[in-house]
Amino acid sequence: MYKVMIAEDEMLVRAGLKSFISWEKYGMTVVSEVSNGQLAWESYVQYRPDIILTDIKMPVLDGLQLIQRIREKDWKTKIIILSCVEDFSLARKAIKLNVFDYILKLTMTPEEMNAVLLKIKNELDAEALRPSDT
């Protein structure tokens, strides 16, 4: 099972993501759901999730700061940004940090999330089949 972390300060969005997605269908399980960037960092260190869904605007540590910290240690974790902000400069920074996708919460549909998760699953499955560099 691929481990998923949801970092989102809005409780209803967190609950919605956890309940409206059939995680098991993608071989995924939500191991952590947190409400701010600092808790997300601590959860990342504890669980080492394969996939992170994170908001940009969060208390304590924002989503881009969280992603920068993660990328200092790990470039393999798949990160999806969920945001209410349609900001090209944020999207550019996210691209430089190798973010898998950037989804606008206001227009997000179950179909869009399912398509992104299927794409991530396929990529993770393919990576698991490749011989390691060690």
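Contact here means heavy atoms within 4.5 Å. The model is predicted: local features need pLDDT of at least 70, side-chain atom pairs count only at pLDDT 80 or more, and totals for chains, interfaces and linings use all residues. Residues are numbered from 1 along each chain as its sequence is written, and side-chain values use heavy atoms, without hydrogens and water.

**View A. Surroundings of leucine 17.** Leaving aside residues up to four places away in sequence, Leu17 touches Ile6, Trp23, Leu53, Leu82, Met108 and Met113.

**View B. The largest nonpolar core.** A nonpolar core is a set of buried Ala, Val, Leu, Ile, Met, Phe, Trp, Tyr and Cys residues joined through side-chain atoms within 4.5 Å. Buried means under 20% relative accessible area, exposed over 50%, partly exposed in between (1.4 Å probe, protein chains only). This core has 22 residues; Leu17, Trp23, Met28, Leu53 and Met113 have the most contacts inside it. At least two residues each come from β1 (2–7), α1 (11–20), β2 (28–34), β3 (51–55), β4 (78–83) and α5 (110–129). Helices (H or I, at least four residues) and strands (E, at least two) are DSSP runs, numbered from the N terminus. The most, five residues, come from α5. Another core, of 20 residues, lies apart from it and includes Ala40, Tyr44, Ile56 and Leu64.

**View C. Strand β4.** Six of the six β4 residues are buried. Lys78, Ile80 and Leu82 point one way; Ile79, Ile81 and Ser83 point the other.

**View D. Neighbours of β4.** Strands pair if DSSP finds at least two bridges between them. β3 and β4 run parallel, joined by five bridges. Ile51 stands opposite Lys78. β4 and β5 (residues 101–104) pair in the parallel sense over four bridges. Ser83 has Leu104 as its bridge partner in β5.
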